[in-house]
Amino acid sequence: MMKEHKILVVDDELFVRELLEEYFSKLDFEVHVASAGPAALKLVAENQYKVALIDLKMADMDGIEVLQSIREMDENLIVILMTGYPTVESSVEAMRAGAYDYVIKPFRLNELKDIISRAIKEHQMRCEISDIKARVEALERRFDNVETNDRSSAKHEISKKVAVRASSSGYVKSTGSDLNMENQIERWGKLLKDGLITQQEFESNKKRILSAV
Amino acid sequence: MKKILIVDDELLIRDLLYDFFSSRDYHISMADSGEKALDVLGSEKIDCILTDLKMPGINGLELADRAKDSFESNIPVIIMTGFPSLESAIEALRKRVYDYVVKPFNVNRLYNVVEKAIEESNGNRHTLE
């Protein structure tokens, strides 16, 4: 049976690779391992991982370089850096490169498990946002032939829909806090009608709005 | 015109940054504490927050958190500190702070960080608005 979450472990220490592979496999993760940056990048090119756990200090290509290369290949993949030699400089560098977390070795496996659970949620959110962006771009292309005057109002309409959609994912705060329950449901209904969301998404949002009363 | 909020309990730093950024066509708001910074955020539209880490009351990292929770969620926050530590740097990373700059800093480099932060933030906003 296919496991739901696929993660990648990159470390030049065999002990760490084996430890993490064994632990996360038991937790029903599909775990792939690599002992160096180039091998890790090859795996990233061939697989859809949700999270990559990467050692900071490795020969040839360090964790930051691997992270930077991953960013160009898969912007949604969450990268967690691990190190036994933590410094302010490398943690700031990790921040600038877009690391999700910076974990100091030795770590507690259950704490790492919690970080990965949060990272998987973040991955889901990033994928939803990417999906929204793709839909907006597709819709904007559809309006390319519309007269300029109409286009601006059409884009405005799309923007409103996207703002509602994005706020529901928790990515941005809703600017429509004054919307009452009926209006919110009506908006989701319009998104459904326009094919921007699925019936299932509509139902789950309707349930969410009603349960918030 | 871009507007930044400078938060530092040291007058010297506020003055230095005010002089530098105002001469580069920035609108500037200033606060000498995290609490006053939150008041500014409640009444003005800010493009970027430059805040000291160690301040009495609400510190820079708490301010970053509260700015995200209470106001516009994606204002980039740049932390400045004369007392860098591994703990605060990792906390900054986890709070998705834009950058962590150690004092004394080169103001021209800081200017580049602010420009990049606002540019990236605007790029994200245009996609989602």
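Predicted model: local features only at pLDDT ≥ 70, side-chain atom pairs only at ≥ 80, totals over all residues.

Reader: What makes Ala89(B) count as buried rather than exposed?

Author: The label requires 20 or more other C-beta atoms within 10 Å, and Ala89(B) has 27 of them within that distance, so it is buried. Its place is in helix H4 (residues 86-94) of chain B.

Reader: With which residues is Ala89(B) in contact, and what makes that a contact?

Author: Leaving aside its neighbours within four places in sequence, Ala89(B) is in contact with Val88(A), Ser91(A) and Val92(A), and also with Pro84(B) and Tyr100(B); the word is used because the C-beta atoms of two such residues lie within 7 Å. As for Ile79(B), 10 residues away in sequence, its C-alpha is 9.3 Å from that of Ala89(B).

Reader: How do you know that strand E3 and strand E4 of chain B pair?

Author: Pairing asks for at least two bridges, and four bridges join E3 (residues 48-52) to E4 (residues 77-81), so these parallel strands of chain B pair. Asp52(B) stands opposite Met80(B) in E4(B).

Reader: Why are E2 and E5 of chain B called edge strands?

Author: The open sheet of five strands in chain B has the order E2-E1-E3-E4-E5, with parallel pairing. Strand E2 (27-31) and strand E5 (99-102) of chain B each pair on one side only, and are the edge strands. From one strand to the next, the twist averages 20 degrees.

Notes. Residues numbered from 1 in each chain as written. Chains lettered and ligands numbered in written order. Helix = DSSP H or I, 4+ residues; strand = E, 2+ residues; numbered from the N terminus. Axes fitted to C-alpha atoms, helices over the stretch in contact; angles between N-to-C directions. Buried ≥ 20, exposed ≤ 12 C-beta atoms within 10 Å, placed from the backbone.
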